[in-house]
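Okay, thanks for coming, everyone. Let me put the model up and we'll walk through it.

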Amino acid sequence: MWSAAPPDNSVIPNILSVGTIVGALFGYGLGYVHAVWRRARTDYVVTRNSVPTLRSSKWSAWRRMVHRGLLAGAVVTGLIAWVIASAT
């Protein structure tokens, strides 16, 4: 025959406690991952929007360097020509 002992209901609060703790940790982990994703997305958008400005700045600096190099080369060539012309 079946035993007439009362059912053990003390397991249910333990399961609810463990489930609540696991759920809270899972929710915290999801929140953390979401915050990291949002920060990465924001950084990506800011970088993507600044690329045209960075490219134009790079080419501007490149043109400035080439112009100064040509000017310095012209000055050095002029000085060499002047020294050669004055030596004769």
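Which residues make the nonpolar surface patch of about 540 Å²? They're Trp59, Trp62, Met65, Val66 and Leu70. A patch here takes residues with over 30% relative accessible area and no salt bridge, joining nonpolar side chains (Val, Leu, Ile, Met, Phe, Trp, Tyr) within 5 Å and like charges within 9 Å.

Quick caveat: this is a predicted model, with local features needing pLDDT of at least 70 and side-chain atom pairs pLDDT 80 or more, while totals for chains, interfaces and linings use all residues. Numbering runs from 1 along each chain as its sequence is written, and side-chain values use heavy atoms, leaving out hydrogens and water.

Of its 88 residues, 0% count as buried, meaning under 20% relative accessible area; exposed is over 50%, partly exposed in between, with a 1.4 Å probe and protein chains only. The accessible surface is about 8,200 Å², 72% of that from carbon and sulfur atoms (Shrake-Rupley, 1.4 Å probe; for residues, only the protein chains shown count as cover).

Back to Leu70: this residue sits in helix H1, residues 11–87, and is exposed at 58%.

Then there's 1 salt bridge, that is, a Lys or Arg side-chain nitrogen within 4 Å of an Asp or Glu carboxyl oxygen. Asp43 pairs with Arg39, closest N and O atoms 3.2 Å apart. They're 4 residues apart in helix H1, so about one helical turn separates them. Asp43 is partly exposed at 36%, and Arg39 is exposed at 56%.

Definitions and conventions. Helix = DSSP H or I, 4+ residues; strand = E, 2+ residues; numbered from the N terminus.
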